[in-house]
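Please walk through the following model with its geometric criteria in view. Each term is given its cut-offs where it comes up.

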Amino acid sequence: MLPFLCLTACQTDNMYTSAYCRFVFDTKLYPSSALTRAVGSTGGDFCIVKAVSKQGATHLLLTPNRGSYAGTDLDLTMNTAISGERVSYAAMGYRQGLVIGRSLYGQLRAYDLQCPNCENAYELHWGTSYTDLQCDKCHRTYNIDGEYGYIKEGDKGHALTLYRNVSYTADKGVLMVSNP
């Protein structure tokens with residue numbers, strides 16, 4: 001029985017990336033944003049989070065999997081320090097993009113925005129269902145309604161890349177995704 005347990009543990013560890021990530025977001029600064037709503041939900045709400053530079057300022061562009069929002073809740077200018085610390089958004093996954101939210105079971109999750117089967121070079125986007133992410137290159141559809149971002153349609157391959165350290169402290173309003 002011991003070899004089986006070791007094999008299971010090794011497979012679980014392969015779900016998580018070893019890529020460096022450090023993302024900190026203060027939900028109290030953006031209380032009505034799509035990201036704040038996704039991490040504060042009871043389950044099923046996710047948000048694509050991309051860091052881009054516009055006119056010398058970093059913006060977080062948010063694309064929720066469901067719901068309607070004002071434009072100001074989807075394009076956030078990040079010009080403040082969090083907890084006295086200036087935050088760099090260059091270390092947000094493989095290419096400055098994450099998918100953050102709560103599974104239907106209420107578990108806080110952060111996935112990389114890049115397709116794990118296309119050398120982390122192609123960005124995913126929302127599919128036809130609010131729980132599906134798709135890759136235009138390999139045509140796989142990933143389902144995030146459970147815990148692990150499995151392949152729902154398309155060739156066999158890797159499930160979505162998960163970040164191990166994801167925390168949200170509602171009373172302080174701090175969301176953090178970090179690795180390792």
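**From one loop to the cores**

Y69 lies in the loop between β3 and β4 (75-77). Helices (H or I, at least four residues) and strands (E, at least two) are DSSP runs, numbered from the N terminus. The model is predicted: local features need pLDDT of at least 70 and side-chain atom pairs count only at pLDDT 80 or more, while totals for chains, interfaces and linings use all residues. Residues are numbered from 1 along each chain as its sequence is written, and side-chain values use heavy atoms, with hydrogens and water left out.

Is Y69 buried or exposed? With a relative accessible area of 17%, Y69 is buried; the class buried means under 20% relative accessible area, exposed means over 50%, and partly exposed is in between (1.4 Å probe, protein chains only). Leaving aside neighbours within four places in sequence, Y69 is in contact (heavy atoms within 4.5 Å) with S32, S33, A34, R37, P64 and L74. A34 is 35 residues away from Y69 along the chain, and the two C-alpha atoms are separated by 7.1 Å. The side chains of Y69 and R37 are joined by a polar contact of 3.4 Å. A polar contact is a pair of N or O atoms within 3.5 Å; within protein, one must be able to donate a hydrogen and the other to accept it, and residues adjacent in sequence count only if both atoms are side-chain atoms.

H59 has its place in strand β3. H59 counts as buried, at 10% relative accessibility. Its side chain and that of D75 form a polar contact of 2.7 Å. Not counting residues up to four places away in sequence, H59 touches K50, A51, V52, K54, D75, L76 and T77.

The protein as a whole has two helices and twelve strands. Along the sequence these follow the pattern α-β-α-β-β-β-β-β-β-β-β-β-β-β. Of its 180 residues, 47% count as buried. Among contacts with a separation of 6 or more, 54% come from residues 24 or more positions apart.

Next comes the nonpolar interior. A nonpolar core is a set of buried Ala, Val, Leu, Ile, Met, Phe, Trp, Tyr and Cys residues joined through side-chain atoms within 4.5 Å. The largest such core has 28 residues, of which F23, L35, L60 and I100 touch the most other members. At least two residues of this core come from each of β1 (21-26), α2 (34-40), β2 (46-54), β3 (57-64), β5, β6, β11 (165-169) and β12 (174-179). The largest share, four residues, is supplied by α2. L35 touches F23, F25, C47, V49, L62, I100 and L175, not counting residues up to four places away in sequence. There is also a second, separate core of 18 residues, which includes V99, Y111, C115 and C138.

Strand β5 (residues 97-102) pairs with β6 in the antiparallel sense over five bridges; two strands pair if DSSP finds at least two bridges between them. I100 stands opposite A110 in β6. Five residues lie between the strands of this hairpin, and G106 takes a positive phi near 90 degrees. Why is strand β6 (residues 108-112) largely enclosed by the rest of the structure? Five of its five residues are buried, so the strand is largely enclosed. Both faces are covered, with L108, A110 and D112 buried on one side and R109 and Y111 on the other.

The cysteines can be checked by sulfur distance. A disulfide is a pair of cysteine sulfur atoms within 2.5 Å, and by this rule the count comes to zero. For C118, the closest cysteine sulfur is in C138 at 3.7 Å, too far for a bond. For C135, the closest cysteine sulfur is in C138 at 3.8 Å, also too far for a bond. C118 is buried at a relative accessible area of 8%, and C135 is buried at 2%.
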